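These are my notebook entries on one protein chain.

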Amino acid sequence: MTGEDPGPLVRLFGLTGGRARPPGESFNLVAIVTTVGMPFEQADLTPEYLSVLSTCRNPTPVADVAAQLRLPINITRVILGDLRREGLVTIERPQPAAQAIDERIYREVLHALRSL
């Protein structure tokens, strides 16, 4: 041992309890996180967990949550997985662009093409 301070690595390890993967179903960087509830005992949560709940009051992509926390994506995913398990956030996959367009628009485009 050199006696040097290992820096944030120990803190990050402690923040996730040594876990490197989130509990439950996996999610990617573009998944949308939304806060659905606040715990009654907020003192039980670390500042990072409270920051996620505050940030995600509006739907926010996972990548933006990690940037806001200034934490590695692995750590952010574990935090988000914990909050999801507790029922405090939802994590939803974004719709593919083709599914996001309303069927009415397709009909209007088809009608316009036929009228040409």
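The entries below follow the order in which I looked things up.

**Entry 1: overall layout**

I noted at the outset that this is a predicted model. I looked up the elements of the protein chain and found six helices and three strands. Read from the N terminus on, they run α-β-α-β-α-α-β-α-α. I then looked up burial: 27% of the 116 residues count as buried. For contacts between residues at least 6 apart in sequence, I recorded that 72% join residues at least 24 apart.

**Entry 2: H2 against H3**

I turned to helix H2, residues 47-55, and helix H3, residues 62-69. Their axes come within 10 Å and cross at roughly 130°. H2 is therefore oblique to H3. The crossing of H2 and H3 is right-handed. On the H2 side I listed Glu48, Ser51, Val52 and Thr55 as making the contact, and on the H3 side Val65, Gln68 and Leu69. Sorted by class, the contact of H2 with H3 has three nonpolar, three polar and one charged residues.

**Entry 3: H2 against H4**

How do the axes of H2 and H4 cross? I found that they come within 10 Å and cross at roughly 70°. An angle of 65 to 115 degrees counts as roughly perpendicular, so H2 is roughly perpendicular to H4. Here Glu48, Tyr49, Val52 and Leu53 of H2 meet Ile79, Leu80, Asp82 and Leu83 of H4. By class, I recorded six nonpolar, no polar and two charged residues in the contact of H2 with H4.

**Entry 4: the nonpolar core**

I next looked up the largest nonpolar core, which has 19 residues. Which of them touch the most other members? I listed Val33, Val52, Ile79, Leu80, Leu83 and Ile91. At least two residues of this core come from each of H2, H3, helix H4 (73-85) and strand S3 (89-92). H4 gives the largest share, four residues.

Not counting residues up to four places away in sequence, Leu83 touches Tyr49, Val52, Leu53, Leu88 and Val89.

**Entry 5: Tyr49**

Tyr49 is found in helix H2. Is Tyr49 buried or exposed? Its relative accessibility is 10%, and buried means under 20%, so Tyr49 counts as buried. Leaving aside neighbours within four places in sequence, I found Tyr49 in contact with Leu15, Arg19, Ile79, Asp82 and Leu83. For Tyr49 and Asp82 I also looked up the separation: they are 33 residues apart in sequence and 9.0 Å apart in space, C-alpha to C-alpha.

**Entry 6: two loop residues**

I looked up Arg70, which lies in the loop between H3 and H4. Arg70 is not a glycine, although its phi is positive, at about 60°. Its relative accessible area is 76%, so Arg70 is exposed.

Last, I looked up Glu86, in the loop between H4 and S3. Glu86 counts as exposed because its relative accessibility is 54%, and exposed means over 50%. Glu86 and Gly37 are 49 residues apart along the chain, and I recorded a separation of 9.6 Å for their C-alpha atoms.

Note on methods. Residues are numbered from 1 along each chain as its sequence is written. This is a predicted model: local features need pLDDT of at least 70, side-chain atom pairs count only at pLDDT 80 or more; totals for chains, interfaces and linings use all residues. Side-chain values use heavy atoms; hydrogens and water are left out. Axes are lines fitted to C-alpha atoms, for helices over the stretch in contact, and angles run from 0 to 180 degrees between N-to-C directions. Angles under 35 degrees count as roughly parallel, over 145 as roughly antiparallel, 65 to 115 as roughly perpendicular and the rest as oblique. A crossing is left-handed if the near helix is turned anticlockwise from the far one by less than a right angle, and right-handed if clockwise. Contact means heavy atoms within 4.5 Å. Ala, Val, Leu, Ile, Met, Phe, Trp, Tyr, Cys and Pro count as nonpolar, Asp, Glu, Lys and Arg as charged, and the others, Gly among them, as polar. A nonpolar core is a set of buried Ala, Val, Leu, Ile, Met, Phe, Trp, Tyr and Cys residues joined through side-chain atoms within 4.5 Å. Buried means under 20% relative accessible area, exposed over 50%, partly exposed in between (1.4 Å probe, protein chains only).
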